[in-house]
Amino acid sequence: MKSKDKKGKLMYHLFPVEVHEQVIQRFMLGAEKYDEPEDGTPNWRHNGVTANDLLDATYRHLSEYRKGVNIDPENGSPHLAGAITNLVMLLDLENINRNGI
């Protein structure tokens, strides 16, 4: 039996489940903290967050991590998850600006 051609298909198994869950948990914290809109769209698309805001927040998380502070005392989640979450939002904003999503 010939296997299906996987060319062009996303290979979701390459993204570590634990990391995915940590980033989703950060998004959930943000949705709670910054009031997610009732229509379910991401709150950062509505609250005027800029690329510089996200870069600054990313660098703050990375700076804390470099100092040896692995856990964000504000919410108990890893600083690296906070940095990744901010970069995901930045990529989303970039996609919106480039593609008009």
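This is a predicted model: local features need pLDDT of at least 70, side-chain atom pairs count only at pLDDT 80 or more; totals for chains, interfaces and linings use all residues.
## Packing of α2 against α3

Two packed helices are described by the angle between their axes and the distance between the axes. For α2 and α3 the angle is about 160°, and their axes lie 8 Å apart. Because angles over 145 degrees count as roughly antiparallel, α2 is roughly antiparallel to α3, and the crossing of these two helices is left-handed.

On the α2 side, the contact is made by Ala51, Leu54, Leu55, Ala57, Thr58, His61, Leu62, Glu64 and Tyr65, while α3 contributes His79, Leu80, Gly82, Ala83, Asn86, Leu87, Met89, Leu90 and Leu93. Sorted by class, the contact of α2 with α3 has twelve nonpolar, five polar and one charged residues.

## Packing of α1 against α3

The axes of α1 and α3 come within 9 Å and cross at roughly 75°. Since angles of 65 to 115 degrees count as roughly perpendicular, α1 is roughly perpendicular to α3.

From α1, the residues that make this contact are Val19, Gln22, Val23, Arg26 and Phe27, and from α3 they are Ala81, Gly82, Ile84, Thr85, Val88 and Met89. By class, the contact of α1 with α3 divides into seven nonpolar, three polar and one charged.

## The largest pocket

The largest pocket has a volume of about 670 Å³ and is lined by 31 residues, of which Arg26, Gly30, Tyr34, Asn86 and Met89 lie nearest its centre.

Three helices, α1 (17-33), α2 (51-66) and α3 (79-99), each supply at least two residues of the lining of the largest pocket, and α1 gives the most, with eight residues. In terms of class, this lining has eleven nonpolar, eleven polar and nine charged residues.

Note on methods. Residues are numbered from 1 along each chain as its sequence is written. Side-chain values use heavy atoms; hydrogens and water are left out. On a 1 Å grid over the protein atoms alone, a cavity is a set of points where a 1.4 Å probe fits but cannot get out, and a pocket is an open set with protein on both sides within 12 Å along at least five of seven lines; lining residues have an atom within 4 Å of a point. Grid points are joined across faces, edges and corners, and a volume is the space filled by probe spheres set on the points. Helices (H or I, at least four residues) and strands (E, at least two) are DSSP runs, numbered from the N terminus. Ala, Val, Leu, Ile, Met, Phe, Trp, Tyr, Cys and Pro count as nonpolar, Asp, Glu, Lys and Arg as charged, and the others, Gly among them, as polar. Axes are lines fitted to C-alpha atoms, for helices over the stretch in contact, and angles run from 0 to 180 degrees between N-to-C directions. Angles under 35 degrees count as roughly parallel, over 145 as roughly antiparallel, 65 to 115 as roughly perpendicular and the rest as oblique. A crossing is left-handed if the near helix is turned anticlockwise from the far one by less than a right angle, and right-handed if clockwise. Contact means heavy atoms within 4.5 Å.
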